[in-house]
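Grab a pencil and work through these exercises with the model open. Each one sets a task and then walks through the solution.

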Amino acid sequence: SRLIVPHAAGATGAASAPPAAMVLPPPWLTGQMEAPAGTKSMGSWTAKVFTPEQQARLGVDEMGNKVSASSTAPARPVPAAPSRIGLVGPAWTRGEMERPAGTQDMGSYKTLVYTPEQQERLGVDANGNPAAKTAEEVPVAAKASSPAPMPSAPVAGNPGRIGLAGPAWTRGEIERPAGTKDMGGWKASVYTPEQQERLGVDQDGKPVAKPVEEKPVKAGRKVPQPITAEYAAALLNSDLLLSDMCKKYFRKYDTNKDAFLESEEIVTLCQDLHSGLGIDLTDKDIEESMKPYSGGKEAGLKEEEFSTWFSQILQDTVKKSQVSNGKAEQAAELTELKVKSLNGGETTLSVEGSSAVAELAKRAAALLDLPSAKTKIACGGEVLDDATTIASAKLDASSDLTAVVMNSIKVRRHVYQARGGAPPYRGYHLVATDEVELEPGKKLGEQWTKMVPEDGYPGPSGYKAFPVAFQSTPSFEVPKKWEGGMNEVNVEQDLLPEDVFGVDGEVELAVLLPMRGMD
């Protein structure tokens, strides 16, 4: 509701300009009396008024004006067509600064003022207005002797009304701040770090300019997530995944849509995708690698030539990455571990203490001829967590380690729900992350309900969820809003789980749920 304080019209009549006004807030806003507990409809707006019980007890009329016992008329008559002044209380009544601790005698009433100590500490005058600090500034004590005047003229274009606007969230232009900040004698509402990042504002709600990227991307081209050595190995182990990836990126980087990738387009693609492998591919290296597949006739590749070439260069870069990692391992302190299998096999591996158990399981599976996607490491009969490191598990040469084959493939699943609204809120937003277990050797179509959750919407609908497989991130964090660029591929129902999610933890599942009804 709005508080509207009427004032008398000028003596010259309605046709003349409104007089200048000295306006003070009602006494209940400054803490001099209790607030009115009732409301009164004024047609297009609602006024706060004192209830009959408050009027009798406080000796006031419904507007808060003092009345004598013998008075039968309101102390302040309301003109037939008053002009109105809309007021917002002082900053301290809105929690934006601390409350004034002093008072000042104004003759017939007392008003709250800031003490000299508060004025000096907060940089304000007696009425809480910001004070400019100059060499010729009037002493603070002198300022406290008289209140600062209110604006003497109405706002242009809106005669007779003085308006003050609160923060943007009080006007519904942005969501309310969810945090608080201790300001000494009072607390201010501030935006939390999560709100600041999501809304693009600082703690006070002011817009923050986005940092300019060091390497600007050409217009119309979105750089995909770099391929890691583990995800590259997963692609090479699945012809279907590799073929899908090749088709997707050939068409993405064929910017002129002539069904032919020029050498500069291929260079751009390789630099985008292989930076995650830590391999520096020069323009000359890439051009030389294309010659056997293009026949040396043209500086580029057709789609069928690109698939064969891309598979080969992927293998080469993975080998280089493994050699580089092997050299690094030689320089690190290694621990020798013996791992046996349930069929009687045994192998010895040298691993770093910082390596994860998942890496030990992967290497042991390769040496013991076990399925990598389903192999786990057990110590003394207890299966170890994949994320545990060799050092934290205190594994050494005396540890009783066994490579066991699990009867299911565990896949990390992220569910995204479509939402409406204006940008940037429209799109798929993360609502859940969990883990699903799939049966190896059984087509995904037969296990579809395990991967794709029901959305709970009543009744039949033609809307279908859209699952995609994507490369996991090194930090195990996924985007809060799905915008692609994660080297994702479509999940087909006629594929096997090991074809799509064949490497432990390197391929994850995103399920995109459509928007249902109104959002």
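**Exercise 1. Find what Lys 376 touches, leaving aside its neighbours within four places in sequence.**

Step 1: Contact here means heavy atoms within 4.5 Å. With that cut-off, Lys 376 is in contact with Ala 361, Val 383, Asp 386, Thr 402, Ala 403, Val 404 and Met 406. Before going on, note that this is a predicted model, where local features need pLDDT of at least 70, side-chain atom pairs count only at pLDDT 80 or more, and totals for chains, interfaces and linings use all residues. Residues are numbered from 1 along each chain as its sequence is written, and side-chain values use heavy atoms, with hydrogens and water left out.

Step 2: Look at Asp 386 again. Its side chain makes a polar contact with the side chain of Lys 376, at 2.6 Å. (A polar contact is a pair of N or O atoms within 3.5 Å; within protein, one must be able to donate a hydrogen and the other to accept it, and residues adjacent in sequence count only if both atoms are side-chain atoms.)

Step 3: Is Lys 376 buried or exposed? Its relative accessible area is 15%, so Lys 376 is buried. (Buried means under 20% relative accessible area, exposed over 50%, partly exposed in between, with a 1.4 Å probe and protein chains only.)

**Exercise 2. Work out how Phe 306 and Trp 309 pair.**

Step 1: Both residues lie in helix 9 (residues 303-331), three residues apart, about one turn of the helix.

Step 2: The structure holds three aromatic pairs. In this one the ring centres are 5.8 Å apart and the planes are at 40°, so Phe 306 and Trp 309 make a tilted pair. (Rings of Phe, Tyr and Trp, the last by its six-membered ring, pair if their centres lie within 6.5 Å; planes under 30 degrees apart count as stacked, over 60 as edge-to-face and the rest as tilted.)

Step 3: Phe 306 has 1% relative accessibility, so it counts as buried. Trp 309 has 0%, so it is buried too.

**Exercise 3. Describe the largest nonpolar core.**

Step 1: A nonpolar core is a set of buried Ala, Val, Leu, Ile, Met, Phe, Trp, Tyr and Cys residues joined through side-chain atoms within 4.5 Å. The largest has 43 residues, and those with the most contacts inside it include Phe 306, Trp 309 and Met 451.

Step 2: Which helix gives the most to this core? Helix 6 does, with seven residues.

Step 3: A second, separate core has 17 residues, among them Leu 337 and Ala 403.

Note on methods. Helix = DSSP H or I, 4+ residues; strand = E, 2+ residues; numbered from the N terminus.
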